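Subject: Structure handover

Hello,

Here is the structure for your files. My notes on it follow below.

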Amino acid sequence: FSKTLRTVPIYKAHIYRSTFIRIFAVEAGDFEKYKPKENMAHHNELGKAGEESAVRYLQERGYTILHRDWKAGKRDLDIVATNAEGTLVIAEVKTRRNTAYGTPDTAITTQKIRHILEATEQYLQTFDTNAPIRFDVLCVVGTKEPFQITHIEDAFISPIW
């Protein structure tokens, strides 16, 4: 294994390291260790579980879920719901394993807010609603159920509506 790797020029070994390791591992009979993952990445699974938990959280508090992962081109809205007062609630869900690097809401940048506003504009054009709009953030922390959920209502105000 190491003798074969030494014959590869250093720059190629560096650039293609993971590919070479997989090739040589097969030759060495140790492919299982370097087998590509068949399932989605763990952070995607965690995000999906966090979003499921956020939906249940909102439903338990009387919200009606209208759409989940509503797409507008490359933009999306995590949760579109209405509350008891008839307000259209656009909820962004951010999930983190822990708060070691800050709370989940710190990941919502001005660019992300712009994307949410663009998708909301498309949503309003598509569904022609006159309901008042509120933008919420649901911060989901943990690695499995039960997650710790913090609901930030009116997390940001749109300059448009």
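**Aromatic pairs and strands**

Tyr-123 has a relative accessibility of 3% and so counts as buried; buried means under 20% relative accessible area, exposed over 50% and partly exposed in between, with a 1.4 Å probe and protein chains only. Before the rest, the conventions: this is a predicted model, where local features need pLDDT of at least 70 and side-chain atom pairs count only at pLDDT 80 or more, while totals for chains, interfaces and linings use all residues. Residues are numbered from 1 along each chain as its sequence is written, and side-chain values use heavy atoms, with hydrogens and water left out.

Confidence: pLDDT is the predictor's confidence in each residue, from 0 to 100. The protein has a mean pLDDT of 82, with 73% of its residues at 70 or more. Residues 1-27 have a pLDDT below 50, and this stretch has 20 contacts in the model beyond near neighbours in sequence; contact means heavy atoms within 4.5 Å. Where pLDDT is low, the predicted coordinates should not be read in detail.

Aromatic rings: rings of Phe, Tyr and Trp (its six-membered ring) pair if their centres lie within 6.5 Å; planes under 30 degrees apart count as stacked, over 60 as edge-to-face and the rest as tilted. This rule gives 4 aromatic pairs. One of them is the edge-to-face pair of Trp-70 and Tyr-123, with 5.1 Å centre to centre and 80° between the planes. Trp-70 belongs to strand E1 (residues 64-72) and Tyr-123 to helix H5 (residues 110-127), so this pair ties together parts that are 53 residues apart in sequence. Helices (H or I, at least four residues) and strands (E, at least two) are DSSP runs, numbered from the N terminus. Trp-70 is also buried, at 12% relative accessibility.

Phe-135 and Phe-156 form a stacked pair, 4.9 Å centre to centre and with 20° between the planes. Phe-135 is buried with a relative accessible area of 3%, and Phe-156 is buried with 12%.

One aromatic cluster consists of Trp-70, Tyr-123 and Phe-127. Elsewhere, Arg-61 has its charged end over the ring of Tyr-57, 3.6 Å from the ring centre; the criterion is NZ of Lys or CZ of Arg within 6 Å of the ring centre and within 35 degrees of the ring normal.

Strands: two strands pair if DSSP finds at least two bridges between them. E1 and E2 (residues 75-82) are paired in the antiparallel sense over 7 bridges, and Ile-65 has Ala-81 in E2 as its bridge partner. The two form a hairpin with 2 residues between them, and Gly-73 in the turn has a positive phi of about 65°. E2 is mostly covered, with 6 of its 8 residues buried. E2 also pairs with strand E3 (residues 88-96) in the antiparallel sense, over 4 bridges, with Ile-79 opposite Ala-91 in E3. This second hairpin has 5 residues between its strands, and Gly-86 in the turn has a positive phi of about 90°.

After E5: Ser-158 lies in the segment that follows E5 and is buried, with a relative accessible area of 7%. Leaving aside neighbours within four places in sequence, Ser-158 is in contact with Leu-117 and Phe-135. Ser-158 and Ile-116 are 42 residues apart in sequence and 9.8 Å apart in space, C-alpha to C-alpha.

Regards
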